[in-house]
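Please read them alongside the coordinates.

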Amino acid sequence: MSQRTIREVRAYTVRGKGADYHDQEGAHWIDDHIATPMAVYPEYRQSRRSFGLDVLGTLVVEVEADDGTVGFAVTTAGEIGAWIVEKHLARFLEGRAVTDLERIWDQMYRSTLFYGRRGVVLNVISGVDLALYDLLGRLRQEPVYALLGGPVRDELQFYATGARPDRAKELGFLGGKMPLHHAPGEGVEGFRKNLDALADMRGRVGEDFWLMLDCWMSLDVDYATRFVHAAAEHGLKWLEEALIPDDYWGYAQLKRQAPPGVLISTGEHEATRWGFRQLLETGVDIIQPDVNWCGGITELIKISALADAHGALVVPHGSSVYSYHFVVTRTNSPFAEFLMMHETAEEVVPMFSPLLLGEPVPVDGRLRVPETPGFGVELNPEVPRERPYTH
Ligand SMILES: [Mg+2]
């Protein structure tokens, strides 16, 4: 096993539902007048697809060992990601030992600094890193969580993200997180509608069920401060991603001004240990790295250690099995997110469906992470994919 080397790296694109879960058609709760940073422009308020949230599509990275074993991972990066993998990053993998995770990550990161650091390049680095973990697990016949030091609990507990926290409660989840629908540009009336939606849902789920709101970068410090105080009256557990990710100073101010007992969370659009160091220094309570975007598991291990030392929880954003194998190994990740990709958020469906086969889902809000080697999933051969570039 220790002699195994990497023979070839391949990158594919997939359109439609998959790792890029915004690449949807038709009506879906995830694109129903959700507040965004683009809501300052009224013509882009109704749909996130209208400003291009679905442009990237899914990237599939395959890493093949010299014995023919193939590991893979998926992320959001599409054709531009496929180009980066094939034309730039493959050189740091091919011919190398499969166990060279740290050196490969470091070379991918350092070599892309002149055009990378955040965003799509880190999504791509994440995809390559996760594919390597999948390959290593398959070669060792171990689940990825075993490679990370083993589980600290028997099963995962989940909250559900979607339009129907009341339905999430019936399905056995710990809590429910709804999108905020109205941005500051929609004025006093929008503020009132946002608060009414929370109060209405509180009435449906009762006092003790966790309710959270995801602002998807749409607010400013003044609005967020006034809103989080008003929302505290309705038992809001946390206010998520209130500000744009670059406004670290705003997050520090919001945390200082927020009422005790309502948590401030953010980080799904942050990447690397350095980005999260800046975020943790603002004092936010929960960081939410997306393992498909933040730099993969090699980087999430470092981000998580930093968060632990800052007294912050790590509750990874979405990402299905790629999150589950990490969350089960860390005490400062006490629960996980389940993204309800059902059109009306009324039923539990696999998050990356139909792209993956064997993708586990929570039952009664709980999941025992399968012991299948690697991340325990396979690509669905019936989903068409293309390899737009080779090297
Ligand atoms: Mg979010």
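1. Into which domains is the protein chain divided? The division is into domain 1 (6-141) and domain 2 (156-372), with bounds that come from an automatic or database domain assignment. Residue numbers start from 1 along each chain as its sequence is written. This is a predicted model, in which local features need pLDDT of at least 70 and side-chain atom pairs count only at pLDDT 80 or more, while totals for chains, interfaces and linings use all residues.

2. The centres of the two domains, taken over C-alpha atoms, are separated by 21 Å. Domain 1 gives 32 residues to the contact and domain 2 gives 35 residues; residues are in contact if their C-beta atoms, placed from the backbone, lie within 7 Å.

3. On the side of domain 1 that touches domain 2, the elements giving two or more residues are strand 3 (70-76), helix 2 (101-111) and helix 3 (120-140). Helices (H or I, at least four residues) and strands (E, at least two) are DSSP runs, numbered from the N terminus. Helix 3 supplies the largest share of that side, eight residues. By class, that side has 18 nonpolar, 10 polar and four charged residues. Here Ala, Val, Leu, Ile, Met, Phe, Trp, Tyr, Cys and Pro count as nonpolar, Asp, Glu, Lys and Arg as charged, and the others, Gly among them, as polar.

4. An unreviewed UniProt entry places the feature "active site" at His317. UniProt positions are in the numbering used here, feature names are shortened, and annotations may be inferred rather than shown by experiment. His317 lies in the loop between strand 10 (313-314) and helix 11 (320-327).

5. Is His317 buried or exposed? His317 is buried, because 25 other C-beta atoms lie within 10 Å. The cut-offs are 20 or more such atoms within 10 Å for buried, 12 or fewer for exposed, and partly exposed in between, with C-beta atoms placed from the backbone. Apart from neighbours within four places in sequence, His317 is in contact with Glu268, Gln288, Pro289, Asp290 and Glu337.

6. The UniProt annotation "binding site", also from an unreviewed entry, covers His22, Arg48 and Glu337. Glu337 belongs to strand 11 (residues 336-339) and counts as buried, with 22 C-beta neighbours inside 10 Å. Not counting residues up to four places away in sequence, Glu337 touches residues including Phe158, Tyr159 and His317.

7. Arg48 sits in the loop between strand 1 (6-14) and strand 2 (58-65). Arg48 counts as buried because it has 23 C-beta neighbours inside 10 Å. Leaving aside neighbours within four places in sequence, the contacts of Arg48 include His22 and Asp31.

Note on methods. Two residues are in contact if their C-beta atoms, placed from the backbone, lie within 7 Å.
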